[in-house]
Amino acid sequence: MRVVMAALLASLFFLGTAWALTIKDRYYQAENAYAALKKNPKHQKYRDKWLACIEKYKLVQRLDPDGPWAAAGFYKAGLLYLELYQRSRLGADQQEAVDLFQRIIQKYPNSRYTPKSRDQLSRLGKPVVSPNTAAAAKQLEHAHAAYDRLSASANRQKYRDQWQRGIDLFQKAYQTDPKGPYAAECLYMTAVLYRGLSKASHRTDDGDAAVDYFRRVQREFANSTYAAKAADDLKPGGGAGRARAASAARPSPAGNSADPLAELIAQSGKPSAKASPGKTGNGPSGSKLVTVQDLRVWSNPKYTRVVVDADQETPFTHRLLKKDPSINKPPRLYLELSRSRLGKNIDKLVPINDNLLIDARAGQYTNDSVRIVVDIKSFKNYKIFSLKNPFRIVMDVWGVDTTGKPSTKQLASIPPPQSTGKLPPGAIARQLALGVSRIIIDPGHGGKDYGAPGYAKNVHEKNVVLQIAKRLARKVERELKCDAILTRSTDRYLTLEERTAIANTQNADLFISIHTNAVRNSQAYGIETYFLNLATDDDAIRVAARENATSAKNISDLESILNDLMQNAKINESSRLATMVQESMCTHLKKGYGDIRNKGVKQAPFYVLLGAQMPAILVETAFISNPRECRRLTSAKYQEDVCDGIIRGIRTYIKDTLPTAFADPPRATKRRG
């Protein structure tokens, strides 16, 4: 008993001593630990010894973030990270030092450690801070406070809105300074909250969202320590993996009649197979082979798109084989699908035989692999990528332009031609419109794909956008004197990759995809226009997920292939076209309607725009889920006014590029006889 009492008294004495430590004592405790480490070469070989010292310095700031020793704690922690970097050569260690120095400058501008931190950043060749970093730091503190309250209350954890509030706060902090020193932490904490929410909600889409954010941390902040944490969470035994497995094992909640889009937006897919040699995605489960169901081809002399349809996702590789004169073989591009078999009804040979390709053929290469071979006459470039729901692989091949169509620079130098009286009406305008003689108008959805349901009964996006597209086509031909081609003129289903292929094979000069927006909040309203690029915010990801009929997780997978596609996409021109169409639509509609909200130009990875060889935009004309805007969208007058706004934007785009595009041609003078 005396031994137990003695041990208890010793423990109480130790705790009392620990509680009695001042912040200054804590700082010198860290200094002593560092001095001991410097005297022990053996310990200096171990990473955990360095991190233990660093944590002691960081604890000084955490215990008294506004006190006189806080900046000193951060600064010494930064210096230790730099020392650790010299040994580890891990970029994450250097980045942690940079983050700490930047935090000192923002949070403690009057500290004597601020100029020292600036000097350290200058030596490292790193920027000091962005103007938004201070605001992001404050928002991050609020977010952590909300997270602490949630973690401490089992009752709060029962309610989705409590989790969502924390998620929103961390996302707001991230969006304030997406490249700043707090950005990785914000994304990581967003993932942590989604992981917790998935355990409470038992919803697969919440678990997928957690995985998505952990992956974003790894992708966008690869040199951050949060990337390493995210990697641990993504391991099969990690928190994200357990949460996703648990939610997938439970039945999904019944559909919500008040939220008809929830099921579509929450659809999840498997991780994508990478279209690179030697890299594979997840294969089919068990021993079942994937069936290659179809081989679809669209082609013209300078462009071909081949789409391989399969009933499940499977790993694949591709390779370009050079010409082999010894066996009379032309250059070949082949795609090999693992664990696959050919479907019974697939066309094994699709003849093409134009200036670019000879044919595309499919064969059972081995007992469990399928090979697709494209025989090439001549080509300039190619790209291969996969899409989801259903799984298909897209092969784009580009050749040298043999059409003789003049370039933009050539057209800009051509003076207005003299009228000879022999040209048909509008022909001169077509010649002068910077080569914009043909515009593809793409009414979204169609057939079995109804698109977003309207607020009013029996109103569906596929029907509304077809009506708008037909009106727009008439105006393009009548007012811009350009050819207008509809990807669909009836209620029929088209795959997203087929729409882009139509635009490319028709040698279109502009691509306009027409849609209506929708969210679960019926009060949301406004107009926005998109062009192809990486998603910039969660709203853009949501819209892309809905229009792609896929999950938000798949959007992050899609972003990984966009860098390879950027050189083929007219990103700058698309951005300019989107800006002009968006502004002209909103300006025009405000003259006749109240409550017109300009939601601006945004960017996101849309399947329908992938591989487009011309400026391409996607217009969200209004929110079909909003009662007022749903009524407007079914009104012929509003549809006409929307089209007028789009036409004005296209006209502005053309004139901005070539001011003489719509100038009246000089009149022919009569000859005196």
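Me: Let's start inside. Leaving out residues up to four places away in sequence, which residues does Val619 touch?
Reply: Keep in mind that this is a predicted model. Val619 lies in strand β16. Once residues up to four places away in sequence are set aside, its contacts are Ile512, Ser513, Ile514, His515, Glu528, Thr529, Val581 and Met585.

Me: And is Val619 buried or exposed?
Reply: Buried means under 20% relative accessible area. Val619 has 0% relative accessibility, so it counts as buried.

Me: How far apart in space are Val619 and Val581, C-alpha to C-alpha?
Reply: Val581 is one of the residues that Val619 touches. In sequence the pair is 38 residues apart, while C-alpha to C-alpha the separation in space is 8.6 Å.

Me: Zooming out, what share of the residues of the chain count as buried?
Reply: The chain has 22 helices and 16 strands. Among contacts between residues at least 6 apart in sequence, 71% join residues at least 24 apart. Of the 673 residues of the chain, the buried share is 51%.

Me: How do the residues of the contact of α2 with α4 divide into nonpolar, polar and charged?
Reply: The crossing itself is left-handed. Tyr27, Glu31, Tyr34 and Lys38 of α2 meet Ala72, Gly73, Lys76, Leu80 and Glu83 of α4. By class, that contact divides into 4 nonpolar, 1 polar and 4 charged.

Me: α4 also packs with α6. Which residues of α4 and α6 make the contact?
Reply: The axes of α4 and α6 (residues 113–124) are 10 Å apart, at an angle of about 20 degrees. The two helices are therefore roughly parallel to each other, and α4 passes α6 in a left-handed crossing. On the α4 side the contact uses Ala71, Ala72, Tyr75, Leu79 and Leu82, and on the α6 side Tyr113, Lys116, Ser117, Gln120 and Leu124.

Me: What about α10 and α11: at what angle do they pack?
Reply: In α10, Val211, Phe214, Arg215, Val217 and Gln218 meet Tyr226, Ala227, Ala230, Ala231, Asp233 and Leu234 in α11. By class, that contact has 8 nonpolar, 1 polar and 2 charged residues. The crossing is left-handed, and the axes are 8 Å apart at an angle of about 145 degrees.

Me: Now for the loops. Is His445 buried or exposed?
Reply: His445 lies in the loop between β11 and α16. Its phi is positive, near 65 degrees, in a residue other than glycine. With a relative accessible area of 5%, His445 is buried.

Me: Lys481 has a positive phi too. Where is Lys481 found?
Reply: Phi of Lys481 is about 55 degrees, although the residue is not a glycine. At 33% relative accessibility, Lys481 counts as partly exposed. Its place is the loop between α16 and β12.

Me: Last one: how far apart in space are Asp354 and Pro301, C-alpha to C-alpha?
Reply: Asp354 lies in the loop between β6 and β7 and counts as buried at 14% relative accessibility. Leaving aside neighbours within four places in sequence, its contacts are Ser299, Asn300, Pro301, Thr304 and Lys377. Asp354 and Pro301 are 53 residues apart in sequence, and in space their C-alpha to C-alpha distance is 5.6 Å.

Technical notes
Residues are numbered from 1 along each chain as its sequence is written. This is a predicted model: local features need pLDDT of at least 70, side-chain atom pairs count only at pLDDT 80 or more; totals for chains, interfaces and linings use all residues. Side-chain values use heavy atoms; hydrogens and water are left out. A crossing is left-handed if the near helix is turned anticlockwise from the far one by less than a right angle, and right-handed if clockwise. Helices (H or I, at least four residues) and strands (E, at least two) are DSSP runs, numbered from the N terminus. Contact means heavy atoms within 4.5 Å. Ala, Val, Leu, Ile, Met, Phe, Trp, Tyr, Cys and Pro count as nonpolar, Asp, Glu, Lys and Arg as charged, and the others, Gly among them, as polar. Buried means under 20% relative accessible area, exposed over 50%, partly exposed in between (1.4 Å probe, protein chains only). Axes are lines fitted to C-alpha atoms, for helices over the stretch in contact, and angles run from 0 to 180 degrees between N-to-C directions. Angles under 35 degrees count as roughly parallel, over 145 as roughly antiparallel, 65 to 115 as roughly perpendicular and the rest as oblique.
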